[in-house]
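Please look through the structure shown below.

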Amino acid sequence: MKLLVTTSKALIVVDYNGADSKVEILHEGRGAYYGVTELEGNYFVTARDDKLPRTMVTSENGVLLKFDGNFNYVGESSPDHFNMRGLHGVVSWKGSIVCAITHSDCLGVFDGKTWGSWQSIEKVRPDDPDNYHINTLVVKDDVLLQLSKSVFDSTLDCINEYSELYGPSIKTHEPYGTYTHDIWFEDGAIWSIEFQSSSVVSNRGDRIKLDQGLTRGITITDDSYYVGVSAPSHRQSRHNTTGKILRFDKNWVLLDQYVMESGGQVHEIKPYTVSK
């Protein structure tokens, strides 16, 4: 199984085979890499472009990297009228690329030519950054789902649904765990991973404790879950921390794992498919 993985130091491909897995670096040198999406045969990746030492989010000005269908670098884009600080997930929706800009509590929308800023959640404290930690974006049945902290209780998370660009939320799922990342759909429920507690949770109240460390990033096959786990570290040393990819069966029993010493924190995992 080939996995496309973003980490706090690179965009990589992992040819997964447990402890004998192999890694190929596709791109590096643009700080922490986060989300990956595809549109019209090209791939787009969010990168924070944060320079070492990584001390403050306010020093970032993230970029959207563009690759062709074989993951050859094509170019990049960023807004000229606002900064993308604290970039997280990205998704293609309605012909545009939509990025989660966590520090600014908003979404960046790129239509291929111009950028727009979408305040998808009204800020209760306009002068404070990262009120809601918007991090994961997923599209299902042409509806955008956004994972963030709840407007009503900052200790809990929620998922908001949107039917149009720059439109209001049409539905909210809450409460929904704490420090959650990732969204997937299984057994009639919406699922996510609690980053700090290393637990899998659902909107119907399911909770599965993994006890593996800082947990984020997942890809699902017919018989397995591939999950990212990272060692805790300070912001300035995340690029050299140890990351892991763990494979579980469909009952969440650990089967094997691949340890990436000094590989950086794992952010996102997706199946690796290219046109060549």
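Both faces of strand β9 are covered: S96, V98 and A100 are buried on one side, and I97, C99 and I101 are buried on the other. Buried means under 20% relative accessible area, exposed means over 50%, and partly exposed lies in between, with a 1.4 Å probe and protein chains only. This is a predicted model, in which local features need pLDDT of at least 70 and side-chain atom pairs count only at pLDDT 80 or more, while totals for chains, interfaces and linings use all residues. Residues are numbered from 1 along each chain as its sequence is written, and side-chain values use heavy atoms, with hydrogens and water left out.

- Strands are DSSP runs of E with at least two residues, numbered from the N terminus.
- Two strands pair if DSSP finds at least two bridges between them.
- Strand β8 (residues 87-93) runs antiparallel to β9 and is joined to it by 5 bridges.
- In this pairing, V90 is opposite C99 of β9.
- The hairpin of β8 and β9 has 2 residues between the strands, and K94 in the turn has a positive phi of about 55°.
- Strand β10 (residues 106-110) also pairs with β9 in the antiparallel sense, over 5 bridges.
- V98 has V109 of β10 as its bridge partner.
- β9 and β10 form a hairpin as well, with 4 residues between them and a positive phi of about 55° at D105 in the turn.

**Cysteines**

- How many disulfides does the structure hold? There are 0.
- A disulfide is counted when a pair of cysteine sulfur atoms lies within 2.5 Å.
- The closest cysteine sulfur to that of C99 belongs to C106, and at 9.9 Å it is too far for a bond.
- C158 is in no disulfide either, as the nearest cysteine sulfur, that of C106, is 16 Å away.
- C99 is buried, with a relative accessible area of 0%, and C158 also counts as buried, at 2% relative accessibility.

**Two open sheets**

- Strands of a sheet pair through backbone hydrogen bonds, either parallel or antiparallel.
- β20 and β21 (residues 225-230) pair in the antiparallel sense over 5 bridges, with L214 opposite S230 in β21.

**A nonpolar surface patch**

- Which residues form a nonpolar patch on the surface? They are V124, V151 and F152, with about 330 Å² of accessible area together.
- Patches consist of residues with over 30% relative accessible area and no salt bridge, with like charges joined within 9 Å and nonpolar side chains (Val, Leu, Ile, Met, Phe, Trp, Tyr) within 5 Å.
- A salt bridge is a side-chain nitrogen of Lys or Arg within 4 Å of a carboxyl oxygen of Asp or Glu.
- V151 is in the loop between β13 (143-149) and β14 (157-162).
- V151 is partly exposed, with a relative accessible area of 38%.

Technical notes. Areas by Shrake-Rupley, 256 points an atom, 1.4 Å probe, with all protein chains shown as cover.
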